[in-house]
Amino acid sequence: KWLVQWSTTVGWTPSWHNVSECASLGLRATTSCIINGLASDTLFGVRLRELCTDDHLLGDVASFAATKTLPVPATAPVRFALNERTATCLNITWEAGDAGDCSFRQWDVQW
């Protein structure tokens, strides 16, 4: 069976968490799993090892350099409406969508 762990603390004393989705991989030939529920735009360390029925024969731990999950972009504005129009003017309104990991700078209104 495989032991797969993740940590958000990369360095001297990371706090490792078992990946429950990968704990049930009982076949040695199954060599992939998906780690769900991670925070976006966050640095993670991941490591794994093969577990044996005899603990004296445990494999070495394999790990890779820290990697960062992708940021979540903002979603499109909603309730976009034309409230009023004249010969030379349009009055529009909208509501912000979900910000995701976006730090708001300004609206980009184009015509």
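Analyst: A residue is called buried when its relative accessible area is under 20%, exposed when that area is over 50%, and partly exposed in between. The model under discussion is predicted. In this model S7 has a relative accessible area of 1%, and therefore S7 is buried.

User: In which strand does S7 lie, and which residues does S7 touch beyond four places away in sequence?

Analyst: S7 lies in strand β1, which covers residues 2-7. Leaving aside residues up to four places away in sequence, S7 touches P14, S15, W16, L43, F44 and G45. With S15 there is also a polar approach: a polar atom of the S7 side chain lies 3.2 Å from the backbone oxygen of S15.

User: Where is Q5 found, and is Q5 buried or exposed?

Analyst: Q5 is likewise found in strand β1. Its relative accessible area is 11%, so Q5 counts as buried.

User: Which side chains make polar contacts with Q5?

Analyst: The side chain of Q5 is joined to that of N18 by a polar contact of 2.8 Å. The side chains of Q5 and R47 are joined by a polar contact of 2.6 Å. When residues up to four places away in sequence are not counted, Q5 touches W16, H17, N18, V19, G45, V46 and R47.

User: What is the volume of the largest pocket, and which residues are closest to its centre?

Analyst: The largest pocket has a volume of about 400 Å³. It is lined by 18 residues, of which P77, F104, Q106, W107 and D108 are the closest to its centre. Sorted by class, the lining of the largest pocket comprises 11 nonpolar, four polar and three charged residues.

User: What is the phi of R79, and where does R79 lie?

Analyst: R79, a residue other than glycine, has a positive phi near 50°. R79 lies in strand β5, residues 78-85. R79 counts as exposed because its relative accessibility is 61%.

User: How does separation in sequence relate to separation in space, and how far apart are N91 and G59?

Analyst: The two separations are read side by side. N91 and G59 are 32 residues apart in sequence, and their C-alpha atoms are 67 Å apart in space. N91 lies in strand β6, residues 90-95, and with a relative accessible area of 34% N91 is partly exposed. Apart from residues up to four places away in sequence, N91 touches A81, L82, N83 and E84.

How values were computed: Residues numbered from 1 in each chain as written. Predicted model: local features only at pLDDT ≥ 70, side-chain atom pairs only at ≥ 80, totals over all residues. Heavy atoms only, no water. 1 Å grid on protein atoms, 1.4 Å probe; cavity = no way out; pocket = protein on both sides within 12 Å on 5 of 7 lines; lining within 4 Å. Points joined across faces, edges and corners; volume = space filled by probe spheres on them. Nonpolar A, V, L, I, M, F, W, Y, C, P; charged D, E, K, R; others polar. Helix = DSSP H or I, 4+ residues; strand = E, 2+ residues; numbered from the N terminus. Buried < 20%, exposed > 50% of the residue type's maximum accessible area, 1.4 Å probe, protein only. Polar contact = N/O pair within 3.5 Å; in protein donor to acceptor, adjacent residues only side chain to side chain. Contact = heavy atoms within 4.5 Å.
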